Amino acid sequence: MKKILFVASECVPFVKTGGLADVVGSLPKAFSKDDYDIRVMIPNYHAIKPEYRDKMETIYYFQMDNRIYVGVKKLEYDGITYYFIDNEQYFSGLVPYYDMFQDLERFAYFSKACLSSLPLIGFRPDIIHCHDWQASLVPVYLNTVFQGDQFFRGIRTIMTIHNLRFQGTWNVGHIKWVAGLPDECFTPGRLVSPYQDTSIPQSEWNCSMLRGGLVYSDYITTVSNTYSWEIQTPNFGDGLDDILKWRHERLWGIINGIDYVEWNPATDKKIGTNYSVKNFRTKRGANKKALQAELNLPQEENALMLGLVSRLTDQKGLDLVDGIMDRLCSLNVQLVVLGTGASNYENMFRYYAWKYPGKVSANICYSDALAHKIYSSADAFLVPSAFEPCGLTQLISLRYGAVPIVHETGGLKDTVKPYNPMNNTGTGFSFAGYSSDELLGRIQHALFVYNMEREHWDQMVERGMNEDWSWNNSSKIYMDLYSRM
């Protein structure tokens, strides 16, 4: 039996701020329990709901480096063993993340505590699968500080990049202080760029925790094949393209999946009318009508309802949406927005909801129930991201029969097949150039097909709903990778 430990900063259902939590929560369930013992280790945030915290069992506590408290709690949930690293100094806040200066110390502690706890809790993994920069020091510690202990020799590591934009970056002086790593880790080419200007004091060198994880891990994965190639270029590499090009033979792009139990329109209890690929033509419209009534939008069947469920940030292509809003609202469309994020985008959608009350519904909040309703009601979904490592929104929209309209980048390009009217193929609409005009052009094309070629539209919906974007296929690729290691 292969023993795998996932180390991450978040995981559903315990704590979630983005798609990372969905992956860490759902991927372990896709493996056979007869062949794989996959466990998950995350911080014991105070923000975790009491319904989970009250069921945790303290299995060990100790002093790391003879001075820092580490508690380890355990919970068996939904067939998976979860460990929670407990320390009130670092994880007692009401939110999982603070500012970067504090988070560097918190997650350096977390990475070292994860390794330190393993001999004490009686679990020696064959592979430690680390997710994003918050866990990126695990491979670094494992291959330096912990190599003197026979217990750790031979443990392999995978570093998964969910979003390269976030790297755990500060100067060498601060990261050396919070991490306690040997000096060798801070030479150019390791946690420091090989192109670092060495004429300035070393303590002021720019240092990236994620770079360390990419250098010291055995394999690197990211969450789509296209993104794995994009990040080897200066435009998408965010200063790490050098190490990614150097290690390209150990870099795998594996598309994310979604939980097909949680996201299933046939059984979803959070939507008004359940439906499937067999009966969506007659049943799905009831959800659109109900959502229009709930959000005080005109109940017009022929109005193309566009959904947008997203973090409201620059990455998500919202500048393109801003550039077309007046022209968009002159069309027979309705835009339903759900999300929170940067105040300029929150206020932008509030403004357009005020300006076009029958066209735009701005829901500046997080609501899982409303998200399910939007996926089951919207005719099409906007995902115009400037870059998107994988994206889960388009996968869920395909599952629920909402046609995605996407920018051809990263996982969006890998998962949405562009509609071809000549031979009636494809599962969505896509545009290559990152511009407002191209986005508007795809929406106009979608509106035309929706109103004038409805049977082609329904066939496109059917093709999307018939695709399998569960973890079935991707987990097999991970199995191959684990076996190679």
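In these legends Ala, Val, Leu, Ile, Met, Phe, Trp, Tyr, Cys and Pro count as nonpolar, Asp, Glu, Lys and Arg as charged, and the others, Gly among them, as polar. The model is predicted, so that local features need pLDDT of at least 70 and side-chain atom pairs count only at pLDDT 80 or more, while totals for chains, interfaces and linings use all residues. Residues are numbered from 1 along each chain as its sequence is written, and side-chain values use heavy atoms, with hydrogens and water left out.

**View 1. Lining of the second largest pocket.** The lining has four nonpolar, six polar and nine charged residues. A pocket is an open set of points on a 1 Å grid over the protein atoms alone, where a 1.4 Å probe fits and protein lies on both sides within 12 Å along at least five of seven lines, and lining residues have an atom within 4 Å of a point. About 370 Å³ of space lies in this pocket, the volume being that filled by probe spheres set on the points, which are joined across faces, edges and corners. Of the 19 lining residues, R284, G285, D379, Y450 and R454 are the closest to the centre. Helix α11 (280-294) and helix α18 (454-466) each supply at least two lining residues, and the largest share, eight residues, comes from α11 (helices are DSSP runs of H or I with at least four residues, strands runs of E with at least two, numbered from the N terminus).

View 2. Strand β1 (residues 2-7) runs parallel to β6 and is joined to it by four bridges, with L5 opposite I128; strands pair if DSSP finds at least two bridges between them. β6 also pairs with β7 in the parallel sense, over five bridges, and H129 stands opposite I158 in β7.

View 3. T157 lies in strand β7 (residues 156-161) and is buried, with a relative accessible area of 0%. Leaving aside neighbours within four places in sequence, T157 is in contact (heavy atoms within 4.5 Å) with I128, P139, L142, Y216, S217, D218, Y219 and M485.

Methods:
Buried < 20%, exposed > 50% of the residue type's maximum accessible area, 1.4 Å probe, protein only.
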